[in-house]
Amino acid sequence: MNPAFNNLSISQLKALVTILEVPHLSRAAIILGTSQSTLSRHLALFREVLGDPLLVRQGREYTLTERGHQLLEPLKSLLEQIDSISSPAIFSPATCNRRFTLAGSDYVAQYILPDLLRDLASVAPEVCIDFRTWQANRFDWLSSGKVDLITSMIDETPADYHGRIIGEDVAVCSMRSGHPLASSSVISQRDYLAWPHIKITVGGDKDGFVDTYLRKQQLTRNLKLSVPYYSAALGVLQQSDVLLTLPEHIARRWGEQAEICFRPLSFIEHQFRYWVVWHSRTHVSAEQQWFRQFVYQHCRGSQFLSPGDHLPHG
């Protein structure tokens with residue numbers, strides 16, 4: 001290819017397509033809103049660059065050369081592709097057939113996914129979801145594309161990430177309804193340390209603030225069991241005298257479904273923040289914008305409070 005072809009602008013290529021489609025310089029000039037002399041100069045350049053006359057006179061009209069015929073459709077296709085790239089994407093959930101990956105805890109899977117998938121079937125029937133168990137601080141899953149969106153308890157979103165606050169909650173101490181501490185109005189530090197504890201390890205940090213507080217006082221609690229799942233923790237909680245520190249809205253929901261109760265902690269206060277978080281690389285994607293709004297709305301409907309927005313640092 002003649003190196004000069006690389007220097008042709010998109011507007012020049014559009015002019016060439018118009019000349020080949022008409023083919024008549026004065027008519028093409030009217031269509032393009034320019035002068036015939038300008039198009040004559042363009043045609044001279046095209047002939048030089050492509051090594052072909054492109055138009056030849058036939059009586060009082062012009063006709064395309066064989067090379068001109070060969071160029072017309074590929075050039076039109078090229079310009080259509082350029083136009084599609086530069087035009088904003090038109091997104092419709094009803095026709096979207098994408099597979100999204102969402103990360104969260106098994107609590108999210110149990111209490112949010114069923115309604116989310118039910119509503120998804122009516123608005124975006126071809127969309128599929130892969131659910132992964134979120135592991136604390138694995139934000140690299142978002143930057144690598146392994147995960148599209150996470151929902152978890154975190155303090156703040158790191159740089160290059162975007163987040164939207166779903167809601168806020170406070171920490172409480174939960175136990176079986178027949179536990180000796182169930183008759184207390186609040187849980188004191190002495191009572192808290194007198195009983196064994198269970199810890200949920202997957203997802204956001206639910207009780208690390210307690211251990212930080214106790215270390216400063218050179219104290220420890222008896223951590224009887226660590227489990228990765230809410231469902232496993234609930235089963236143990238119902239059948240033993242262990243205590244479990246977790247967000248109030250979760251303890252309240254469990255209390256509606258099982259013989260579980262909760263009490264506030266008198267010796268420490270802690271507020272949780274729930275977020276949906278995504279990476280900057282997906283921030284302006286129409287599909288991703290729709291998906292994270294869809295997830296956000298369903299999480300908001302799961303007893304979360306005080307919504308807000310957060311933009312990436314820096």
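Me: Leaving out residues up to four places away in sequence, what does Lys14 touch?
Reply: Lys14 touches Leu79 and Asp83, once residues up to four places away in sequence are left out. A contact here is a pair of heavy atoms within 4.5 Å.

Me: Before I go on, what kind of model is this?
Reply: It is a predicted model: local features need pLDDT of at least 70, side-chain atom pairs count only at pLDDT 80 or more, and totals for chains, interfaces and linings use all residues. Residues are numbered from 1 along each chain as its sequence is written, while side-chain values use heavy atoms, with hydrogens and water left out.

Me: Thanks. Back to Lys14: which helix does it lie in?
Reply: Lys14 is part of α1, residues 10–21. Helices are DSSP runs of H or I with at least four residues, strands are runs of E with at least two, and both are numbered from the N terminus.

Me: And how does Lys14 count by relative accessibility?
Reply: Lys14 is partly exposed, at 37%. The cut-offs are under 20% relative accessible area for buried and over 50% for exposed, with partly exposed in between (1.4 Å probe, protein chains only).

Me: What is Phe46 in contact with, leaving aside its neighbours within four places in sequence?
Reply: Its partners are Leu8, Gln12, Ala15, Leu16, Ile19, Gly51 and Leu54. For Leu8, the C-alpha distance to Phe46 is 9.0 Å, across 38 residues of chain.

Me: Which residues does UniProt list for "domain: HTH lysR-type"?
Reply: The record, an unreviewed entry, gives residues 8–65. UniProt positions are in the numbering used here, with shortened feature names, and annotations may be inferred rather than shown by experiment. In the model, residues 8–65 are 60% helix and 14% strand, with 21 Å between the end C-alpha atoms.

Me: Zooming out, how many helices and strands are there in the protein?
Reply: There are 12 helices and 12 strands. The C-alpha trace spans about 105 × 40 × 30 Å along its principal axes.

Me: What is the radius of gyration of the protein?
Reply: The protein has 32 Å, whereas a compact globule of 314 residues would be near 20 Å. The radius is taken over C-alpha atoms, and the globule rule is 2.2 Å times the number of residues to the power 0.38. Buried residues account for 44% of the 314.

Me: Of the contacts between residues at least 6 apart in sequence, how many join residues at least 24 apart?
Reply: The share is 76%.

Me: New topic: which residues of α9 are buried?
Reply: In α9, residues 208–216, they are Gly208, Phe209, Val210 and Leu214. Their cover includes β6 (161–176), α8 (189–194), β7 (197–200), β9 (243–247) and β11 (271–279). After α9 comes Gln218, with a positive phi near 60°.

Me: Last one: which helix is Ala232 found in?
Reply: Ala232 is in α10, residues 230–238, and counts as partly exposed at 30% relative accessibility. Between Ala232 and Asp106 there are 9.9 Å from C-alpha to C-alpha, with the two 126 residues apart in sequence.
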